[in-house]
Amino acid sequence: LTRLVADSAFSASSCESIVRANGLTIAQSHAALARLHTTQWAGAWVSGVGDARPWIQVDFPRAFDLVEIETKGRYNQVPEQFVAEFRVCVKHADAADAEEGKGSPWVWLPFAFCGNGNGRAGKRQKLVVTGGVEKDAVKNVVAVRVCPTVWRGKSAALRFELFGVERSDGGGEV
């Protein structure tokens with residue numbers, strides 16, 4: 001699903017910058033580098049150094065029922081950087097327009113996901129357990145936030161893809 005959205009649909013708690021000794025920023029990671037098949041500069045979205053609670057978010061132009069997530073780390077870094085564990089929270093279409101002050105529009109999936117074991121290999125896993133009560137949590141979703149909780153390297157580094165079914169036409173997997 002991340003391939004269906006514009007770069008501007010991605011946001012993050014922070015992004016890594018590489019700064020020269022003279023203070024000039026020469027390169028910066030940005031949230032859209034979280035696309036699974038990115039080969040641009042950083043090779044992934046990389047949180048800022050010191051961001052203790054990083055997150056990466058994608059907003060969809062329409063609602064989806066989510067099925068799976070595939071993750072990878074930063075492919076071109078030594079030592080490798082990758083997310084070893086993460087949590088996922090979602091925003092539903094009906095909560096997107098909720099009144100302010102009524103609590104958070106974000107719903108956490110009730111478990112942590114095992115992430116990657118290195119920066120290169122992908123890991124694809126289901127977002128729901130068949131028959132579990134959390135199945136409704138991934139229906140009619142308009143935004144997803146992936147929150148690394150354990151990572152290797154100086155910062156969280158992540159590429160991901162979401163798989164699901166579009167709500168508007170009941171079509172197949174995208």
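Ser8 is exposed because its relative accessible area is 69%, where exposed means over 50%, buried under 20% and partly exposed in between, with a 1.4 Å probe and protein chains only. Ser8 belongs to the segment before strand E1 (10-12). Its C-alpha atom is separated by 7.5 Å from that of Ala32, 24 residues apart along the chain. The model is predicted, so local features need pLDDT of at least 70 and side-chain atom pairs count only at pLDDT 80 or more, while totals for chains, interfaces and linings use all residues. Residues are numbered from 1 along each chain as its sequence is written, and side-chain values use heavy atoms, with hydrogens and water left out.

The chain has eleven strands and zero helices; both are DSSP runs numbered from the N terminus, helices being H or I with at least four residues and strands E with at least two. The order of elements from the N terminus is β-β-β-β-β-β-β-β-β-β-β. Of the 174 residues in the chain, 48% are buried.

Charged contacts come next. Seven salt bridges are found in the whole structure, a salt bridge being a side-chain nitrogen of Lys or Arg within 4 Å of a carboxyl oxygen of Asp or Glu. One of them joins Arg74 and Glu16, with the closest N and O atoms 3.3 Å apart. This pair links distant parts of the chain, 58 residues apart: Arg74 is in the loop between strand E5 (56-72) and E6, and Glu16 is in the loop between E1 and strand E2 (17-19). Arg74 and Glu16 are both buried.

Another salt bridge brings together the side chains of Arg62 and Glu166, at 2.5 Å from N to O. Here the partners are 104 residues apart, Arg62 in strand E5 and Glu166 in strand E11 (residues 157-166). Arg62 is partly exposed because its relative accessible area is 34%, whereas Glu166 has 15% relative accessibility and therefore counts as buried.

Strand E5 also holds Glu68, whose partner Arg124 lies in strand E9 (residues 123-126), 56 residues apart. The side chains of Arg124 and Glu68 meet in a salt bridge at 2.6 Å, N to O. With 41% relative accessibility, Arg124 counts as partly exposed; Glu68, with a relative accessible area of 14%, is buried. Salt bridges that share partners also join Glu16, Arg74 and Lys154 into one network. Lys154 is in the loop between E10 and E11 and is exposed, because its relative accessible area is 54%. Lys154 and Phe82 are 72 residues apart in sequence, and their C-alpha atoms are 9.8 Å apart in space.

Arg124 has a further contact: it lies over the face of Phe163, at 3.5 Å from the ring centre. A charge sits over a ring if NZ of Lys or CZ of Arg is within 6 Å of the ring centre and within 35 degrees of the ring normal. The charged end of Arg145 is likewise placed over the ring of Trp55, 3.8 Å from its centre.

Rings also pair with one another. A pair of aromatic rings is described by the distance of the centres and the angle of the planes. Rings of Phe, Tyr and Trp (its six-membered ring) pair if their centres lie within 6.5 Å, and planes under 30 degrees apart count as stacked, over 60 as edge-to-face and the rest as tilted. The count by this rule is three aromatic pairs. Phe86 and Phe113 are stacked, because their ring centres are 5.2 Å apart and their planes are at 10°. The pair links distant parts of the chain, with Phe86 in strand E6 (residues 82-92) and Phe113 in strand E8 (residues 113-114), 27 residues apart. Both Phe86 and Phe113 are buried. Ring pairs link Phe86, Phe111 and Phe113 into a cluster.

The last topic is open space. A pocket is an open set of points on a 1 Å grid over the protein atoms alone, where a 1.4 Å probe fits and protein lies on both sides within 12 Å along at least five of seven lines; lining residues have an atom within 4 Å of a point. The largest pocket holds about 150 Å³ of space, a volume being the space filled by probe spheres set on points that are joined across faces, edges and corners. Its lining consists of Ala52, Arg53, Pro54, Trp55, Arg87, Trp108, Cys147, Pro148 and Thr149. Strand E10 (residues 141-152) gives the most to this lining, with three residues. The lining divides into six nonpolar, one polar and two charged residues, where Ala, Val, Leu, Ile, Met, Phe, Trp, Tyr, Cys and Pro count as nonpolar, Asp, Glu, Lys and Arg as charged, and the others, Gly among them, as polar.
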